[in-house]
Amino acid sequence: MSSNAPIHSVLTEDRVFPPPADFAARMHGTVHVPDMDAYRAMHERSIRDPEGFWGDVAKGFRWFRPWDRVLEWNLPDAKWFVGGTTNACFNAVDRQVEDGHGDEVAILWEGEPMGAAGPEVRRITYRELRDEVARCAAALEELGVRKGDVVTIYMGMVPELAVAVLACARLGAPHSVIFGGFAPQAIVDRVQDADSKVIVTCDGGWRRGSVVPLKANVDAACERLPEVRHVLVLRRTGGEVAMKPGRDVWWHDAVAKQGTGRACEPVDAEHPLFLLYTSGSTGKPKGIVHTTGGYMVFTAATAHWTFNLVPGQGQVYFCTADIGWITGHSYILYGILPNRVPTLMYEGAPNFPAEDRFWSIVARHRVTHFYTAPTAIRSFMRWGDAHPARHDLTSLRVLGTVGEPINPEAWIWYHERIGGGRCPIVDTMWQTETGGHVITPLPGCTPTVPGSCTLPMFGVDAAVVDEHGKELPANAGGLLVIRKPWPAMLRGIRGDRQRFIDTYWSRVPGMYLAGDGARRDQRGCFWIMGRIDDVLNVSGHRLGTAEVESSLVGSKLVVEAAVVGMPHEIKGTGIAAFCVLHPDQAANAGEDLRRRLAEHVAKDIGAIARPDVIRFTNGLPKTRSGKIMRRLLRDIAAGKETTQDTTTLEDFGVLAKLRETDE
């Protein structure tokens with residue numbers, strides 16, 4: 001069978017959850033998209049008349065000079081709000097102060113260490129944030145940063161990380177945030193590619209009660225980075241660190257002395273706002289370029305719609321991501337601050353000092369919106385219901401998921417145990433490259449289906465097509481594409497035009513390729529079936545790994561699963577499943593349980609999807625952002641040593657244990 005054959009897809013989900021009847025009342029009467037008729041009308045207009053639609057949305061932002069034209073599209077290059085000038089920091093922070101909201105909380109922060117009196121908590125108002133950002137911007141200027149210079153930021157999840165990001169935007173200096181879990185070599189690669197001369201870091205960061213040596217990692221990287229002129233260092237943990245004279249400066253020395261008068265630099269709408277490097281491959285990291293105007297408008301607007309954010313009504317929004325990833329960029333900072341709802345930043349791990357840390361945060365701060373990854377939800381399930389049960393979670397109004405498809409059974413657990421059956425779940429599909437949500441339910445509007453990200457965001461013309469761009473019928477798996485430009489789409493890969501074209505625009509002519517296999521069900525809802533690279537060709541049948549994983553978790557015997565391909569002398573590709581058992585099944589690990597699970601998958605999807613190998617494990621190899629590193633599992637399943645990048649691996653012990661035994 002050709003590799004162009006449809007992806008086998010018969011796993012169905014019949015449970016549909018209408019919007020809660022009391023959602024509007026719980027939102028103080030404000031639902032931005034109140035029903036499906038409103039959604040359909042808005043989406044149809046956004047596709048038919050994108051310039052009119054986004055022009056109207058953009059009027060809600062401050063522009064130093066109005067745009068001449070909303071969209072200029074020369075495939076694959078888009079320009080949004082052409083000729084307009086603005087500043088993302090101004091719209092996130094300064095505008096709120098000018099409009100009389102300076103005393104409202106912008107950032108609510110909680111540190112990881114738990115002292116006798118509880119955790120360290122800071123509440124930073126918009127006025128305080130504006131002043132500290134202005135001081136930081138002035139300090140960066142004093143260190144030689146000018147408009148257009150890329151500043152590298154490698155910090156823990158402290159408020160000063162947000163300050164540094166916004167200070168760069170204030171200057172028109174693109175920021176390149178490197179996740180604090182990366183090793184020195186990853187810093188070297190990214191600094192060199194960005195041609196960055198200034199790095200902002202911390203002495204260290206707290207993670208599970210230990211100090212992550214951030215400054216030491218920067219020092220190790222700088223041994224191979226003679227071009228770095230200055231390192232600005234925040235004192236967070238108080239540990240001893242080496243300070244190189246002439247290069248290294250303390251934050252408290254360089255920033256505190258500055259005045260607060262540094263205004264926001266007007267920049268062109270297409271001026272680069274930031275670089276963000278994708279990780280996980282063995283090749284050179286891709287520096288995804290996002291620009292100011294379109295990204296600013298799209299992230300704030302999608303946050304407004306997706307989470308139904310309403311300022312002044314006591315909402316508290318908590319996204320558990322790190323700002324080192326796109327989720328933190330878009331839905332901790334740039335999308336949330338303009339909506340004038342406090343954004344909660346948490347410094348540390350979800351299981352320190354105990355496995356109920358997130359739920360204690362929700363209860364302590366009366367969080368209304370909670371946004372996390374499916375892999376975290378599966379960990380919560382494995383840790384047990386007792387942890388959320390001991391906390392008051394009744395403040396929650398909207399739950400969200402991000403990062404990968406969520407298994408239906410994990411969705412149900414999240415809905416019942418965390419949301420109490422009363423909170424709509426927004427299962428958001430998007431990428432570093434898309435800048436913001438491209439497929440997602442809208443709370444109070446969209447009927448939700450466990451495991452499905454449902455319907456496209458406004459302005460997003462998403463489809464499931466074959467290799468020739470022909471749209472496929474319901475439940476036929478194919479390639480997920482977006483057929484028209486949207487404001488927050490990437491503008492390229494830094495320094496590599498051909499890679500940009502080859503990766504996103506070549507396989508399906510004229511369409512953006514998301515890199516995911518997908519299908520639309522009979523309701524029109526989208527289901528993400530896994531990365532194209534994770535689609536298995538088993539005896540000529542193409543299977544989506546996400547559906548096999550969902551079937552395993554749906555057995556109620558497994559709390560987390562990862563499925564990969566493995567060499568098979570008859571089928572070509574066999575199916576290997578790595579399963580974390582439900583705690584009450586751990587004693588049953590053995591051949592009988594393997595057989596039961598294999599039969600369950602065969603009954604759910606078909607005999608072709610029956611796993612050839614099932615391995616039980618106490619944990620799966622994951623990045624610090626919580627994504628399962630399936631490429632490492634492919635090497636293990638094939639019985640070979642990995643030569644792949646493991647710098648983002650959270651726990652090397654998991655990998656070692658998987659290699660030790662077949663059990």
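Before moving on, a word on ground rules. This is a predicted model, so local features need pLDDT of at least 70 and side-chain atom pairs count only at pLDDT 80 or more, while totals for chains, interfaces and linings use all residues. Residues are numbered from 1 along each chain as its sequence is written, and side-chain values use heavy atoms, with hydrogens and water left out.

**Stop 1: helix H15**

Now select residues 408–418, which make up helix H15. Helices here are DSSP runs of H or I with at least four residues, strands are E runs of at least two, and both are numbered from the N terminus. Nine of the eleven residues in H15 are buried, where buried means under 20% relative accessible area, exposed over 50%, and partly exposed in between (1.4 Å probe, protein chains only). Among the buried ones are Trp411, Trp413, Tyr414 and Glu409.

**Stop 2: aromatic pairs**

Rings of Phe, Tyr and Trp (its six-membered ring) pair if their centres lie within 6.5 Å; planes under 30 degrees apart are stacked, over 60 edge-to-face, and the rest tilted. Tryptophan 73 sits in strand E2 (residues 69–74) and tryptophan 505 in the loop between helix H16 (497–504) and strand E25 (512–520), so the pair ties together parts 432 residues apart in sequence. Tryptophan 73 is partly exposed, at 29% relative accessibility, whereas tryptophan 505 is buried at 7%.

Next, pick Phe500 and Tyr504, another tilted pair, at 6.2 Å and 55°. They are four residues apart in helix H16, which means about one helical turn separates them. Phenylalanine 500 is buried at 1% relative accessible area, and tyrosine 504 is buried at 4%. The whole structure has 38 aromatic pairs. For a group of rings, select Phe318, Tyr346, Phe358, Trp359, Phe370, Phe380 and Trp383, which form one aromatic cluster.

**Stop 3: the nonpolar cores**

A nonpolar core is a set of buried Ala, Val, Leu, Ile, Met, Phe, Trp, Tyr and Cys residues joined through side-chain atoms within 4.5 Å. The largest one has 143 residues, and Trp54, Leu129, Leu140, Ile153 and Trp305 have the most contacts inside it. H6 gives the most to this core, with ten residues. Apart from it lies another core of 28 residues, including Phe318 and Met381.

Centre on Ile153. Leaving aside neighbours within four places in sequence, its contacts (heavy atoms within 4.5 Å) include Leu161, Cys168, Ile178 and Val200.

**Stop 4: glycine 287**

Glycine 287 is in strand E16 (residues 286–291) and is buried at 1% relative accessible area. Beyond its neighbours within four places in sequence, glycine 287 is in contact with Leu276, Tyr277, Gly492, Ile493 and Arg494.

**Stop 5: the lining of the largest cavity**

Finish by selecting Asn87, Cys168, Pro174, His271 and Thr292, which are among the lining residues of the largest cavity. On a 1 Å grid over the protein atoms alone, a cavity is a set of points where a 1.4 Å probe fits but cannot get out, and lining residues have an atom within 4 Å of a point. Helix H6 (159–171) and strand E15 (272–278) each supply at least two residues of this lining.

Notes
1 Å grid on protein atoms, 1.4 Å probe; cavity = no way out; pocket = protein on both sides within 12 Å on 5 of 7 lines; lining within 4 Å.
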